[in-house]
Amino acid sequence: MYAIVEMAGQQFKVAKDQKVYVHRLQEEEGKKVTFDKVLLLEDGGNVTIGAPVIEGAAVEAKVVKHLKGDKVIVFKKKRRKGYQKKNGHRQYLTEIVVESIVAKGAKKAAPAKAKEEKPAAEPKKAAAPKAEAPKKEAPKATEELSAKTVAELRDMAKAKDITGYSSMKKAELIEALSK
């Protein structure tokens, strides 16, 4: 049984009792960590793919120790220019051991909150169409005006005796004519 899990911003293929080095976690050494972003789960030939994650699946791991990775040297050079820069760093890592992979039964607190918000949002949607009905008529008039050319709009403004129409832009002409 293995799983592909997102841990600390990276994706890892993990199995039970496997050691994994991930970016530094906030947990203390010896504490247990649960990762619920399981993207793929394989159990004896049965593969489950999440969209984007598998609901109810989780990977439980134990933090073994915090350490620094090998030194990475960054060397930049431009030939024949006398430009050389040497820089390096050591990445902070956390060593974890995967204790178990749970296919079902792990629950998150976030989906319960999302379900509570949906019923509260539905009554607001029912009240919104009543207020939107009069507004739909006004955009039709502006849509008709926006389909016309600037020259046609200026002629219409001249017929309505709107002053300063010759220096107006298309949006200003539409606004003046819709009043």
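Residues are numbered from 1 along each chain as its sequence is written, and side-chain values use heavy atoms, without hydrogens and water. In this predicted model, local features need pLDDT of at least 70 and side-chain atom pairs count only at pLDDT 80 or more, while totals for chains, interfaces and linings use all residues.

User: Why is E42 called buried?
Analyst: Buried means under 20% relative accessible area, exposed over 50%, and partly exposed in between (1.4 Å probe, protein chains only). E42 has 14% relative accessibility, so E42 counts as buried. E42 is found in strand β5 (residues 38-43).

User: What is E42 in contact with, leaving aside its neighbours within four places in sequence?
Analyst: Contact means heavy atoms within 4.5 Å. With those neighbours left aside, E42 is in contact with M1, Y2 and V47.

User: Why is R24 called partly exposed?
Analyst: R24 has 37% relative accessibility, and therefore counts as partly exposed. R24 lies in the loop between β3 (19-23) and β4 (32-35).

User: What makes a patch of positive charge on the surface here?
Analyst: Patches are made of residues with over 30% relative accessible area and no salt bridge, with like charges joined within 9 Å. A salt bridge is a side-chain nitrogen of Lys or Arg within 4 Å of a carboxyl oxygen of Asp or Glu. Lys and Arg count as positive. R24, K68, K71, K86 and R90 gather in this patch.

User: Which strands each supply at least two residues of the positive patch?
Analyst: These are β7 (58-78) and β8 (83-102).

Methods: Patch = residues over 30% accessible without salt bridge, like charges linked within 9 Å, V, L, I, M, F, W, Y side chains within 5 Å. Areas by Shrake-Rupley, 256 points an atom, 1.4 Å probe, with all protein chains shown as cover. Charge placed at Lys NZ, Arg CZ, Asp CG, Glu CD. Helix = DSSP H or I, 4+ residues; strand = E, 2+ residues; numbered from the N terminus.
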